[in-house]
Every structure is written in structure tokens, then in C-alpha cells.
Amino acid sequence: MPDIPRLSDVSDAPERADVAAAEDSRTPLTRSLGKRVSEERVRGVPSGSWDRLTRGLCSCLLCWFGSILSVFAAPDIAIFLTDQQRADALGLVDPTFHTPAMDQLARDGVRFTRAFCATPQCSPARAALLTGKYPHRVGVMGNVGTNPIPAGMSPALDPAIPSLGKIFAAAGYETAYFGKWHLGRTPRDHGFQTSGAERNDEEATRQAVAFLNQHRAAAAPPRPLLLVISWVNPHDIYEVNRVNARDSSEPQARSRDIQNGRAARRSLPPHPDPLPQGEGIRQPARRDTESARLVQQRRSDLPLPKREGRGEGEGSAATPAADSLPRLPLPKSLNDDLATKPFPQRHYLEADQGRAVQNYQPEDWRRYLALYRHLTAKVDSQIGEVVAALRQSNPNALIVLSSDHGDLGGAHGLPFKGPAMYEELVRVPLLISQPGKIAPRVSEALVTHLDLLPTLCELAGIATPADTDGQSLAPLLTGKKTGLHGRDAIFAEYYGKQNWRVPIRMVRSEDWKYVRYANYGEELYHMKSDRAEIHNRASATAHRRAKNRLAARLDRWIIDTADPFPTLTVTERSGRPLEVPNQAQSRSEKGPNVVMIVGDDQGWGDFGFMGHPHIQTPHLDKLASESAVFPNGYVPTSLCRASLATLLTGLYASQHKICCNDPPNGVARDAMHPFMRNAQAIPRLLQARGYRSLQTGKFWEGHYSNAGFTHGMTEKGRHGDAGLIIGRQTMQPIYDFIDSCGEEPFFVWYAPMMPHEPHNPPERLLQKYAVADRHSKVAKYWAMCEWFDETCGALLDYLERKKLRDNTLLIFVVDNGWIQETNPVQTTRGWFAPKSKLSPYDGGVRTPILLRWPGHTKPGRHNDLVSTIDLAPTILSACGIEPNKAMPGLSLLEVAAGKVKLKRNAVFGEIYLHTSVNLDQPALNLTHRWIREGDWKLIIDPAGDRLPELYNLEKDPTEMVNLANREPGGVKRLSRALQNAFKNGRQLSNRDN
């Protein structure tokens, strides 16, 4: 046992970053008494008639005196941390638990009934508790792994990050840590001057008691103490099948237990919480856990439920005998079939640690629950030993008790801990006791592990680091407040385990819990009426408002905390992309590769295959000759960002809310990114089917992963940032990506900013179109159209060379139209005519659409009215995925195959402002709605400020003659159709009509 450092040693401890930081970290009393002289010492200010020696001596004496006063004012603090203990694993909450020591702490202090961990996993939960910051902010999102770090694990906690040990050591506390660490390096690297016994609960208890006895017996006045003891149990519930197999005396039962238990465990991944060897006090070389010893014993003191016709082991001193235990009730959600829950929960049950309980009968679950209670009782007895030693050392010591996370214990048929956010996992016990200082009470406030660091700092008179994510619970301890300022919800996160990365986020309010899985959907539970979290209401129309409210809160939190959640990818246990069940098909069965070519700002007739007399597009003409051509294609919104978002989501702008190019003035651009992150975009849906996806070119929604792309070029920027070099400078990123996919299916988004401004075509093409009687702006635009065609040809040739043509669905479309302006002064926001981009006229909203999938589509022209809302259902149907019910479009595959006519006689659209005035209410940005039915086109102003416009497109394709006054019946009929299509601001699905 190391010597207790002297006060002088602590005052010069290396943990102090500088003198000013040390002064700020002292108690208010110390700062008050030593303020003037301390300032003079730090700044070197002369002090009247004092000579240098006098000033120095007085300064030292006053600082030393202030430190002595600080010692007597600061409380001793002990933090007791168990492992995998649920909030209800207390005898005073559930009488089937025997926890007298913890119960007494609860009776003596404040018990928080709604305390939550920051994440239901060991390392990140401990990192959050020690730093007061969310796991993603300190870089420990998963369990700490060794190099190379597996996909679902994290590097060690950086010692440079301020944490409890360093903060309290710098403030003059003696710091010690015993027991499980699991954060890499050692506790000593994080400010704990004494440490030991990482792997053995009994040894950790013995060393902690010995340390307290030495601390009490020290001759010099002891410094205030920060003691952390972290026990392993009841984490050893992972040994349940080994214990059950050993305890089953009947040969048949023993055989069954071994088959379902040990055999299943042999196929499981390594122990979920590998504990590295620590430094400090020497410890046993092996982890001699309680359960491991029980397996080796001939008889057990486990209070296991009786099997009829046989006796049980005797009860231990720490736990009641088996006969005294009631028949343990099973979880209400035990038989949850997980049918409405995100897929990773089923994957955990079927392919991961859940296999250990796949064949469990009710009696097996009761034995699981009994072992869990036994392990909890064991750790309670050890807590009792330390409490007794601590109270002898200082009867008024402050004690905090909690656990890193909970245990599923059969809830939803799941064991242990895994990719879920159920209450059994995220709610933990939290008890804070200090006799004579904290009056006993029960608090129902929403609190979290992140609150412990600021709470202890305030109680110790230490300045709390400014960037912590928690709040001090001191007002709740004194009873002055019943809730924390501004807190009506708490947040939690999950990253992964071993190679399995399953990013999850949770927001929990008073009444509701909303959970979002990366790529695997959502959960919504009403916690008052459905405490067992059986009924997932995320898809319920009746609860849409509650879900949207919580989803918006989560989006704001993700932004405010710089959470990388939108950029995180999902893996299966091997580290490869995880597939949805019943969709694990061979390469040939998974569906085609998909390549979407998206032109940018090109008129609907500006192609050779559409009859333009001058613009040459030979490569696209060839593609058209091999494709199903839809010359009457439309984009609902003739503005880049909104139109691209519709292509990716299959939704109208009023559904996905990305209706304008820019947010309101003064609002950050990333405020619009959550709209895409929350959408069931094509890349996100395809990834669940095993597709890899690449984003290139135009993409306004921040990082490419916001739409679910697995790979991409854009990470920020207004139009697409680094992605904009595609086409104009290179095609190589696409070739490299496709080459890397091997046999895996892929989705490529080729959306070059072409022929979009700047119109700077190669000189060879410009000279081709720059004739004497043609305006230079027109020549440049036409040359840009051919340059774009050349890049498309390069991509098509590459697919041909790689023999990918036959198994690739290729789609061509333009985001919105363009009519080149030639006036000397701009009449719009760019050099486009008023009846093109950003308008409801065909010059802005019409585009040809091409579909080519050899063997599945037939070359030919189809005059059906189609829309870009149809492309998402078309792609998903081709890939064997059921389109989202919110998608109003129709699959074009059967029409493109020449089998049927499209069951639609009209298409619709909306036009919005370029710059939004309100992000959450698209209708406030709306300028026009339009409908085309047959040859007729109606344009209306929903606000009624402009008269309706009616055109016959067969006779008037440029929409010059408004027939609204001559055809009032047509206006009325088409207006009614528009109202029905956008009834109450909601687009009706074509499947609803």
C-alpha cells in the first residue's frame, strides 16, 4: 500500500495544469481567504512595504491555511458502482431481491427512481459517468478494444480528457479506485493515485477496506477522499447456463441444459466485457469470479427455484434459502415475438448472445432470475462491508451508488445486454446518501449518469468543467427543486459490440420513449400505458405528432452534441453489412445493380432523342434506343434541392420538407439535414438489403451518409462540395467504387452539376456550337449539354466493359428544366428564363425519363404521365423491397416491360420559394400547385393572389395562351383533383386512389 501523500506533495501534483486552474478548483472558502495574497503570488504584484521574503512567507502560509480549511470543509466521497444492475434490483423495490446494505443507503438518502445510463454498455457508460460527457464526445462509444480495434468497439479513454480522478486530485483530494476499470490504460492514468483489484470482487472489497483503515489510522490530518469501488457483479449472470447445467441432477435435464447452454455458449463471440490487466495494487492473475467458483463446487448456495421431487442447495448467509423465495414472476414482455421491433433485436436473439436462451422454458428463466438475485445479493454484502469501514472512518461521508447499466433478464425474451433501449437496460439504481446533510426522500426527476460529475463537484466546492453535458443534482438533494432546469427529457446512445456495429439513439420524456436505429427503423412507446414496452407505436397514425415531436428533439440533440450518428454505418457480427431477415439471398437473387444518372438544369427537349435540331447527345440517344422512354416525365418541384430530395425519397417536398434551396436567413444550413436523415431514402433501404451505395455530384444534405449512402464524395457544402468534380474533372471515383464491390450489388448516384452553370464547356465543343447568328450564352449551354452526354457515355461504356450492363437497372432523369436567358440583365436568380427553373411551367417541371434493365424492360416510348415520385418505388420493386407506404408514386417496371398501362391519368406538383421562410411548415413557402391531366395543365396560386392558368399542351406546348376564362369547367374539375391530391396538405398515395 503506497504512503499517503503529504499536502505539499498534492499542491505540486502534475495533475494541476497551471496555477490559475489550481486556484479555480479550490473550494469557495479557500478562494475567499487566500484571494488577495494568492493573486499577488500569481501575478507578482508588489505589496507595499513587504519585502520579497515576507511576501513569499505570508503567501505560503495563507495558501497552506486555506488548504487546511478546504480539507475540513470538503466531504469524503465514495462512489459504489455495480455492473449490470437494473433499477428494480433492490429489495425495497422488489422484495425478491435481498439487498439490505443498498436498501439502507436508499433509506438514508435520496433514491432516484428514474435514473438512466448514457448507454447500456460497460466502457462507454463508465466513460460518461467519469467525465460527465456523452460517450460520443469522449470517443468511447463502445467497449474498449485492443488494436486493431473491432468495428463495434472503441479506443481507450484519453487521459487528457478531464475526469473525476484528475479533477478531484487537482483540488487536493486523495483519490483511489478499486475494482473493474474497463477503460484502457489504468486508473492511475486518470488521476487516481491508488488503484487495484480489477478482476475480483472479494479482493476489491478487501483492498478498499484496508485502504480505508489505513486512511483512518494515518497520523497526519487526512485529505478529503474520493474513493471509487467498482464491482463486477451481477455481471456474472453470463455464467447462467454453466451454473444451470451443473445444478441439474436429472440426466435428461442435465443433457438438455448442456446442449442448450454450454453448446450455445461455445458458439458465442468472446466475453462481451474483456477486462485488461490493471496496474497498481497487485491482484490475482486470473479472474476467480463468484460464478466460476460455484460451477466448480460440488454443492451450491444458490437460491435456485425448486424442481419438483428434488431438494435444493442451502441458502448462504448473504441470501435467503431457496424455500424462502417466492416463485419468481416472469417478465410481462417475455413472449414478445419482436415482430414490430427493429431487426437487430431479433438478430441478437437468433445469431448472437441470445442463442444461449433460445430454448428456454419458463423454469429456465426462473433459474436465470434466481441466479441474478443471488449475484446481486453477493455484491450487496460486499457493499455492506465497505459501508461499515467507511462509516467508521467518517460517519458523514457522502456515498453514491449506481450501476453502469441494467440487464434484460428475459424482458422481450432477451438476456444480458444488447442492441436495445428497453427500461431494463437503460434505467439504473442511483442512491445518494450523506447522514446529517441529505434528508431521505424519493425523487422522480429524470436524471442521468452525466449528472454525477457536476453534482459531486458542486458538493465538494470544485469548479465544474464548463463543457459537461450533465447538471448538478444538488437542488434535488436539498429538496429545493423537484426537477432540473430545462430538462423534460434525457438521451442515450448505443454503438456496438465486438465487430457488430448497431448505432442507436434514444430520447425519453416523462411519458414517451422514442428510439431510432441506424437503417433499421424506429420505436415509440407510451411509458404510462405500456410500461413493458410491448406495443411499438412508431407507425401509428394516432401517435404521429408525439413521434415527430420527439424525433425533432433527437435531431436537435444530435446537432447540439456533434453526434456522429448520421455518419455511422451498420455491420453484422463479422463486420460486414448486416442484412434484413428473409432477404439473405444469393447475388443473382438480390436484384440488379442500380445506376441513376441525374442531369442538372437541362430543358426537357434539349436532347437528340427528344428531337432537338442542334444539340447532339449521341450517347444518351443510344441509351434511349435501348430503354423504355417516358417523354412525359415530370418533377413535382422545379428546384434543385427539393427535386433531388424527391428522387432519393420518393416523396413530395411537402412530405420530406426539403422544399427550398436555403433555410431562412440566420438559420444554419445543417438545420435542414435532419429531414434527409429521418427519411427512408433509397440508399438507406438498399443498404438493409446488402447493397453498397456511392454518392457523387450534387447532394445538398451535408454528409453523404445522411441519405444512407455507404460511400460518397460530399461531406459538407451547399451544392455538393468535393462531389462536384465528378463529370467535369473525373469519373474515376465511380469506377473505383464499382471495382471494389466485387459480387456485392451496388447503387450509384451520378448527379454531376451538368449542364448547370457555370457554362464552361471544353473549347472543342464550344466552337462546334458558336456560330455567327447564335447568342454566346446559348452556344455555351448547348455545348454543356453535349459535354454532359459525353460523361454519360463514359459511364455506359465502363458498365459495358465490366459486363455489368445486363444486370444493371439504369435510370436517366433531369432534376429540373432550363431555358437559356439571353437578355443583357438577369430576370431571375440565374441566367434562365422565367418560365423554366423555379416555375410551374413545363420548361421547369418536365423531363424525359429513361429506364433500361435488359430482360426486364423493353425499348419503346410510353406516353404515360409519370413523375419522379415513381422512381423510388420502381427501384425498390426491382430490388425486391416493398416500397414505403408513405411513397405516393407507382412502380414503372410493368409499364416499362410493355405489360400494362400506368393506372394514372394525372401528375401533380408544388413550387416553393428559393429561400425558406419556415422549415417546419412547407405550406408557408408554397407559391404554386399544378396538375397535368391528359393534354391539360392547370396552375393555381394556393394563396389566391394570382388567377388560375389553364393550358392545352398539345396545341400550346410553350404555355403562352391562358384558357382559364374560356374553360371554367376545366379549371373547376382540375382544381378539385388538385385539392384531392393535396388534401389537408397531405399527398394521397396512388395506392390509396
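Predicted model: local features only at pLDDT ≥ 70, side-chain atom pairs only at ≥ 80, totals over all residues.
First, the setting. The protein has 993 residues, and 62% of them count as buried. Its secondary structure comprises 31 helices and 28 strands. If you take contacts between residues at least 6 apart in sequence, 70% of them join residues at least 24 apart. The accessible surface comes to about 38700 Å², with 51% belonging to carbon and sulfur atoms.

Now to the spaces themselves. Searching the whole structure turns up eight cavities of 30 Å³ or more. The largest cavity holds about 260 Å³ of space. Its lining counts 21 residues, and Y517, A518, N519, R677 and R684 are the closest to its centre. Strand β14 (512-517) and helix α24 (682-687) each supply at least two residues of that lining.

The second largest pocket has a volume of about 920 Å³. It is lined by 35 residues, of which D88, E423, E424, R427 and R531 are the closest to its centre. At least two lining residues come from each of β2 (110-112), α15 (362-393), α16 (423-426), β8 (427-428) and β9 (430-433). Which element gives the most to this lining? That is α15, with three residues.

Here is how the two linings divide by residue class:

Terms used. Residues numbered from 1 in each chain as written. Heavy atoms only, no water. Helix = DSSP H or I, 4+ residues; strand = E, 2+ residues; numbered from the N terminus. Buried < 20%, exposed > 50% of the residue type's maximum accessible area, 1.4 Å probe, protein only. Contact = heavy atoms within 4.5 Å. Areas by Shrake-Rupley, 256 points an atom, 1.4 Å probe, with all protein chains shown as cover. 1 Å grid on protein atoms, 1.4 Å probe; cavity = no way out; pocket = protein on both sides within 12 Å on 5 of 7 lines; lining within 4 Å. Points joined across faces, edges and corners; volume = space filled by probe spheres on them.
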